[in-house]
Amino acid sequence: MYPALDTDLLYSGIILHDMGKVIELSSATAASYTLEGKLLGHITIMVNEIGAMADEMGIGKTEEVILLQHMVLSHHAKPEWGSPKPPLIKEAVILHMLDNLDAKMNTVTRALIKTKPGDFTERLFALDNHSLYRPSFDNERTGIVKANDLSSFDAGEEA
Ligand SMILES: [Fe+2]
């Protein structure tokens with residue numbers, strides 16, 4: 001659909017952008033932050049890992065390596081969201097939008113799970129402080145995960 005995109009770079013960014021969470025968090029269930037997680041965060045961890053891997057492979061600091069590091073570094077888009085640089089290449093813009101969409105859908109799903117059909121959710125900061133309506137006929141429909149499946153969303157709350 002967008003032939004000008006470097007799909008190798010985009011897919012690599014999609015796969016790697018949150019991989020630092022493996023080091024940032026102590027485990028997938030009942031996750032708590034490791035020392036590296038608290039002091040560096042998953043973005044810095046993964047940028048360092050990419051650099052270390054490139055060195056180990058004898059690639060060094062090529063433009064491709066720097067672009068991949070930028071994909072990871074910029075995926076939260078704003079300093080207040082954890083990225084020191086905004087997305088500055090088209091693939092990074094797309095990665096941020098996909099990550100943002102995923103984070104918002106996670107927020108929406110969590111809020112709707114806690115809301116009865118026919119009611120509005122609490123105000124959702126991530127959605128400009130709007131409350132979403134859960135249709136009255138939306139009872140146990142697909143797409144709304146059961147409350148006991150909420151734990152699968154906990155580890156991914158911070159995009
Ligand atoms: Fe992230």
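The model is a predicted one, so local features need pLDDT of at least 70 and side-chain atom pairs count only at pLDDT 80 or more, while totals for chains, interfaces and linings use all residues. Residues are numbered from 1 along each chain as its sequence is written, and side-chain values use heavy atoms, with hydrogens and water left out.

Start with α4, which covers residues 41–56 (helices are DSSP runs of H or I with at least four residues, numbered from the N terminus). Its 16 residues reach 22 Å from the first C-alpha to the last, close to the expected 22 Å (1.5 Å times one less than the number of residues). The buried residues of α4 are G41, H42, I43, I45, M46, V47, I50, G51 and A54, where buried means under 20% relative accessible area with a 1.4 Å probe, counting protein chains only. Their cover includes α1 (7–16), α2 (21–24), α3 (35–39) and α5 (63–73). After α4 comes G58, with a positive phi near 75°.

Next, the packing of α1. Two packed helices are described by the angle between their axes and the distance between the axes. Axes here are lines fitted to C-alpha atoms over the stretch in contact, and angles run from 0 to 180 degrees between N-to-C directions. With α5, the angle is about 45° and the axes are 9 Å apart. α1 passes α5 in a right-handed crossing, that is, the near helix is turned clockwise from the far one by less than a right angle. On the α1 side, L9, L10, S12, G13 and L16 meet L67, L68, M71 and V72 of α5 (contact means heavy atoms within 4.5 Å). By class, that contact has seven nonpolar, two polar and no charged residues. Here Ala, Val, Leu, Ile, Met, Phe, Trp, Tyr, Cys and Pro count as nonpolar, Asp, Glu, Lys and Arg as charged, and the others, Gly among them, as polar.

α1 also packs on α6, at about 35° with axes 9 Å apart, and this crossing is right-handed. L9, L10, G13 and I14 in α1 meet E91, I94, L95 and L98 in α6. The residues of this contact divide into six nonpolar, one polar and one charged.

Finally, S83 lies in the loop between α5 and α6 (90–113). S83 counts as buried because its relative accessibility is 0%. Neighbours within four places in sequence aside, S83 is in contact with I43, L73, S74, H75, H76, A77 and K78. I43 is also among the buried residues of α4.

Key. Helix = DSSP H or I, 4+ residues; strand = E, 2+ residues; numbered from the N terminus. Buried < 20%, exposed > 50% of the residue type's maximum accessible area, 1.4 Å probe, protein only.
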